[in-house]
Amino acid sequence: MAIEIERRFLIKDESWRAEADGGVAIRQFYLAARPGFSTRVRVRDEAEALLTLKAGSGLTRHEFEYPVPLEDARGLEASCMGAVIEKRRHKLAFGRHTVEIDVFAGALAPLVLAEIEYATEEESDAELPAFLGREVTHDGAYNNAALALNGLPADFRPR
């Protein structure tokens with residue numbers, strides 16, 4: 001089984017932008033979502049699409065991704081649950097890891113979230129970049145499926 005070990009954080013300032021790439025446009029939507037499981041379709045830069053299944057919650061989850069023809073992905077969007085998420089994902093190197101920063105658009109603006117994936121749970125104790133704010137790894141309101149279904153979390157405060 002494919003395992004994803006990931007921590008998620010709110011961003012406290014814009015200092016990350018100096019080191020980040022130009023990013024990729026992402027449009028994603030959910031076909032199924034319940035606590036501990038989701039099925040989503042993600043389109044990147046209108047060039048490729050992936051179907052993703054995620055099971056579990058918190059730091060370690062199962063994740064499976066499969067390519068989908070772009071036209072099929074576009075056709076599935078009419079069957080989505082909740083809102084379509086639009087965001088730009090930027091990447092930057094930090095030590096041995098890559099930090100992915102999602103700048104949300106539309107109804108989820110001005111939310112900005114960072115994700116760091118790890119090879120092992122022990123590795124997740126590594127030093128963190130200074131621009132990271134509050135950790136939301138264990139706060140289900142900040143996972144993308146919840147954002148699509150419920151909008152911005154009640155406790156979200158823009159920087």
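Biologist: Hi! Let's start with Asp102: is it buried or exposed?

Modeller: Asp102 counts as buried, because its relative accessibility is 1% and the cut-off for buried is under 20%. One thing to keep in mind as we chat: this is a predicted model.

Biologist: Good to know. Where is Asp102 found?

Modeller: Look in strand S7, which covers residues 97–104.

Biologist: And which side chains does the side chain of Asp102 make polar contacts with?

Modeller: There is a polar contact of 2.9 Å to the side chain of Lys87. Another one, at 2.7 Å, goes to the side chain of Arg89.

Biologist: Which residues is Asp102 in contact with, if I skip neighbours within four places in sequence?

Modeller: With those neighbours left aside, Asp102 is in contact with Lys87, Arg88, Arg89, Leu111, Val112, Leu113 and Glu115.

Biologist: How do S6 and S7 run, and how many bridges join them?

Modeller: They run antiparallel, with 8 bridges joining S6 to S7. For an example to click on, Leu92 has Val99 in S7 as its bridge partner. The two strands form a hairpin with 2 residues between them, and Gly95 there has a positive phi near 60 degrees.

Biologist: Nice link! Let's move to S3. Why do you call it largely enclosed?

Modeller: Because 6 of the 8 residues of S3 are buried, the strand is largely enclosed by the rest of the structure.

Biologist: Which strands is S3 joined to by bridges?

Modeller: S2 and S3 run antiparallel and are joined by 8 bridges. S3 and S4 also run antiparallel, with 8 bridges between them. On one side, Tyr30 has Arg40 in S3 as its bridge partner. On the other, Val41 stands opposite Leu51 in S4.

Biologist: What about the turns around S3?

Modeller: The hairpin of S2 and S3 has 2 residues between the strands, and Gly36 in it takes a positive phi near 85 degrees. The hairpin of S3 and S4 has 3 residues between its strands.

Biologist: What is phi for Glu46?

Modeller: Glu46 has a positive phi near 50 degrees as well, and it is not a glycine either. You'll find Glu46 in the loop between S3 and S4. At 44% relative accessibility, Glu46 counts as partly exposed, and Asp45 is partly exposed at 44% too.

Biologist: New topic: what kind of peptide bond joins Ala109 and Pro110?

Modeller: A cis one, with omega about 10 degrees. Pro110 lies in the loop between S7 and S8.

Biologist: Now Thr137. Where is it, and is it buried or exposed?

Modeller: Thr137 is in the loop between strand S9 (132–135) and H2. With a relative accessibility of 9%, Thr137 counts as buried.

Biologist: What does the side chain of Thr137 do there?

Modeller: It makes a polar contact of 2.7 Å with the side chain of Glu135. A polar atom of the Thr137 side chain also lies 2.8 Å from the backbone nitrogen of Arg8. Not counting residues up to four places away in sequence, Thr137 touches Glu6, Arg7, Arg8, Gly58 and Leu59.

Biologist: How do the lining residues divide up?

Modeller: There are 12 nonpolar, 11 polar and 17 charged residues in the lining of the largest pocket. Several elements supply at least two lining residues each, including strand S1 (3–11), strand S5 (60–68) and helix H2 (144–150).

Biologist: And Phe64, which strand is that in?

Modeller: Phe64 is in strand S5. At 23% relative accessibility, Phe64 counts as partly exposed. Phe64 and Glu4 are 60 residues apart in sequence, but their C-alpha atoms are 9.2 Å apart in space.

Note on methods
Residues numbered from 1 in each chain as written. Predicted model: local features only at pLDDT ≥ 70, side-chain atom pairs only at ≥ 80, totals over all residues. Heavy atoms only, no water. Helix = DSSP H or I, 4+ residues; strand = E, 2+ residues; numbered from the N terminus. Nonpolar A, V, L, I, M, F, W, Y, C, P; charged D, E, K, R; others polar. Buried < 20%, exposed > 50% of the residue type's maximum accessible area, 1.4 Å probe, protein only. Pairing = 2+ DSSP bridges. Polar contact = N/O pair within 3.5 Å; in protein donor to acceptor, adjacent residues only side chain to side chain. Contact = heavy atoms within 4.5 Å.
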